[in-house]
Amino acid sequence: MLECVMILQDTHDVKTFCFQTTDNSWFRYLPGQFITIELEIDGKPVLRTYTLSSSPSRPLSISITVKANKDGYASRWLHENLKEGDKIKAHGPAGLFTLHNHMADKYLFISGGAGITPTLSMTRWLFDYGIHTDVHFIHCARTPSDIIARRELESMSARVSDIKVAFACEEPDPYGAWTGYTGRLNQLMLELISPDYQDREIFCCGPAPFMQAVRDILNAAGFNMDQYHEESFDAPIIEEEDRPDHDDVIIDDDAKSSVTFTKSKKDTRVQESDTILAAAKKTGLHIPSACQFGVCGTCKVKKISGEVHMVHNGGITQEQIDDGYVLACCSNPLGDVVIDF
Ligand code: FES
């Protein structure tokens, strides 16, 4: 259980919500990881996944930085309703999008909009630890007023020569002169800001079209994509040529499977094209879920027996799979499956 202890207004539509545990214990996580928070909106549980923008080097509290999207049901609710002193449930932390999984001498962090949170966390962590790692930090925003944590990033960059920060805005705004890069990130900008980007480990986070544009720039430049890592909680855009080849398993729309949930003593017959999550819903069970495309790990359940076909997006580790866990939102039952839920 987390208690909201502070709310900071970052830009006109972005707020940072800071939390402590209700028993004042410290937080342990890796910079770049996320949590899934459980809200109650209109009497219904709503789970959403947010990357922690705070750094684990400051373990007394954690923070999430949330943009109030006009279509964002939970983000708008947070902006309009969450108050200091409120308590919410949270799951995690989890996630593999962290520099700890890809240690390198030189990094390039690229973010768009509210996708700044994991790279902000990683940069804060590197700064706090005084680790002399060479970081180029590029953040893209719509206007200068939309840049999140601008002064903090500029201050870190001014004090530590290893951290170089650049902002690119699609357009200036009327509140002051803009002398930074203008327009969408492109190959030329990338080369000017980070001339040696080909030698760097790249972490990219932002809306799916933004990351697609970054991948296009890098692919066109012949960048070694093994050094490229990205994360987004938007449903991924998958080009036909990027679509993984799953010819080894053919999901049969007409085939029936049975799914049994042992703890709840429920079972149901579904089609192979249904997910375990859909099967649970059909029996009236609520497996907690957030992203619903295999990235956040919230819907992880243990499989006792049977086979599933799982296509995830990094929300589960190989060790967890070896231990029998599956992500309910992206696992199709092949035949009879028994789940420990
Ligand atoms: S709900 Fe996020 S991985 Fe299943």
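Helices here are DSSP runs of H or I with at least four residues, strands are E runs of at least two, and both are numbered from the N terminus. I'm working on a predicted model, where local features need pLDDT of at least 70, side-chain atom pairs count only at pLDDT 80 or more, and totals for chains, interfaces and linings use all residues. Residues are numbered from 1 along each chain as its sequence is written, and side-chain values use heavy atoms, with hydrogens and water left out.

**S121.** I found S121 in helix 2 (residues 117–129). Is S121 buried or exposed? It is buried, at a relative accessible area of 0%; buried means under 20%, exposed over 50%, partly exposed in between, with a 1.4 Å probe and protein chains only. I then listed its contacts (heavy atoms within 4.5 Å). Leaving out residues up to four places away in sequence, S121 touches P31, G32, L52, S53, S54, S55 and P56.

I looked up pairing next, which takes at least two DSSP bridges between two strands. There's an open sheet of 6 strands, order 4-3-6-1-2-5, paired antiparallel. Strand 4 (44–51) and strand 5 (62–67) are the edges: each has a single partner strand, so one side of each has no neighbour in the sheet. The twist averages 35° from one strand to the next; axes are lines fitted to C-alpha atoms, for helices over the stretch in contact, and angles run from 0 to 180 degrees between N-to-C directions. Strand 2 (residues 14–21) and strand 5 run antiparallel, joined by 6 bridges, and C18 sits opposite S63 in strand 5. Helix 1 (residues 73–81) packs on this sheet, touching strands 2, 3 (34–41), 4 and 5, with its direction at about 75° to that of strand 3.

**Cores.** I count a nonpolar core as buried Ala, Val, Leu, Ile, Met, Phe, Trp, Tyr and Cys residues joined through side-chain atoms within 4.5 Å. In the largest one, of 26 residues, L99, F109, F137, L153 and F203 touch the most other members. Among the elements that each supply at least two residues of this core are helix 2, helix 3 (150–159) and strand 9 (163–169). A second, separate core has 21 residues, including C299, V308, M310 and V337.

**Helix 5.** Helix 5 (residues 208–220) has 13 residues and reaches 18 Å from first C-alpha to last. Its buried residues include F210, M211, V214 and L218. Their cover includes strand 7 (106–112), helix 4 (187–193) and strand 12 (228–231). Just after helix 5, I noted G222 with a positive phi of about 75°.

Technical notes. Expected span 1.5 Å × (residues − 1).
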